[in-house]
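Open the model in your viewer and follow the selections below in order.

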Amino acid sequence: MSTHIEAEKGAIAETVLLPGDPMRAKWIAETFLENPICYNQVRGMYGYTGYYKGKRVSVQGTGMGIPSALIYCHELINDYGAKQLIRVGSAGSYQSDVQIRDIVIAMAASSTSGINNSRFINADYSPTANYDLFKKATEYANTHHIKIKAGNVLSTDEFYEDTFDDYKKWAQFGVLCVEMEAAGLYTIAAKYNVKALVILTISDSLVTGERTSSSERETSFTKMIEIALGTI
C-alpha cells in the first residue's frame with residue numbers, strides 16, 4: 001500500500017494503462033479485461049487489474065496534469081514494480097490534418113511545464129517514447145489498418161490559456177497536438193529505466209473548433225485502447 005494507492009503488494013501488473021479520467025479506467029477494465037478486480041478507490045482514482053488474452057494488465061487513473069500523473073507513476077514504479085506504462089488519453093489538435101478521433105502516438109513531448117527546470121538548470125531535457133513500445137504500437141496499427149500519426153506533442157500545465165492563438169507557434173514547428181501528461185511520464189520512465197508510451201485520441205481541434213462530448217471521451221475512444229493492448 002502506498003500513499004495514494006491502496007493496493008496490496010502484487011495486486012498491480014507490471015504493465016499499466018494510464019488514462020487520466022478514472023471513469024475511463026473503469027470503462028477500459030470492464031470493457032476490455034477479463035475478470036477485472038478493482039484494487040484502488042482512493043480519491044476516486046480507480047485502478048483495476050485483469051487479463052487481456054492471457055496477459056495480466058492493470059489500468060490506473062492518474063488525474064489531469066503532470067503533477068497528478070507523476071504521483072501515480074512514481075508509486076506504480078517504486079511501490080508496485082510497474083515496468084511498462086502506457087498513457088491512453090485525449091488531446092487537442094494543432095494541425096488541420098490531425099482531425100477529431102485521429103490517433104496520435106507521441107514520439108517526443110515538448111512542454112510548457114517547469115517540471116524539469118530544477119533538474120536541468122539552463123538546459124532542455126527532451127522526453128521521448130520508449131523505442132520498443134513505439135515500434136510495436138506502430139506495427140500493430142499498420143497490421144490492423146488503424147491510421148495513426150506520430151510526432152511531437154505538447155504537454156501543457158494550462159488547460160485554459162490567456163491567448164487562444166498561442167497554439168499557432170507550436171503548430172508552426174510541427175507539434176501535432178496538446179495534452180497534459182506525456183512529458184512527465186516520459187521523464188519519470190527514463191529516470192527509473194522503465195518503458196513508457198503515450199497514445200492519444202484527438203478529442204477536439206484548436207484549428208476548427210470541433211469537440212467531442214465528455215461521454216464520448218470517456219467511453220468511445222476504442223482504437224487507442226486496442227493499440228495499447230495489442231502493443232503489450
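**Stop 1: a helix pair**

Select residues 22–32, helix α1, and residues 222–231, helix α7: the two pack at an angle of about 65°, with axes 12 Å apart. Axes are lines fitted to C-alpha atoms, for helices over the stretch in contact, and angles run from 0 to 180 degrees between N-to-C directions. Helices are DSSP runs of H or I with at least four residues, strands are E runs of at least two, and both are numbered from the N terminus. α1 and α7 are therefore roughly perpendicular (65 to 115 degrees).

Now show the side chains at the contact (heavy atoms within 4.5 Å). α1 contributes Arg-24, Trp-27, Ile-28 and Phe-32, while α7 contributes Thr-222, Met-224, Ile-225, Glu-226 and Leu-229.

This is a predicted model, in which local features need pLDDT of at least 70 and side-chain atom pairs count only at pLDDT 80 or more, whereas totals for chains, interfaces and linings use all residues. Residues are numbered from 1 along each chain as its sequence is written, and side-chain values use heavy atoms, with hydrogens and water left out.

**Stop 2: a loop residue**

Select Thr-62, in the loop between β4 (55–60) and α2 (66–80). Is Thr-62 buried or exposed? Thr-62 is buried, at a relative accessible area of 2% (buried is under 20%, exposed over 50%, partly exposed in between, with a 1.4 Å probe and protein chains only). Leaving out residues up to four places away in sequence, Thr-62 touches Leu-18, Pro-19, Gly-20, Met-45, Ser-68, Ala-69 and Tyr-72.

**Stop 3: the annotated span**

Select residues 16–217: their end C-alpha atoms lie 20 Å apart, and the span is 29% helix and 31% strand.

Methods:
Parallel < 35°, antiparallel > 145°, perpendicular 65-115°, else oblique.
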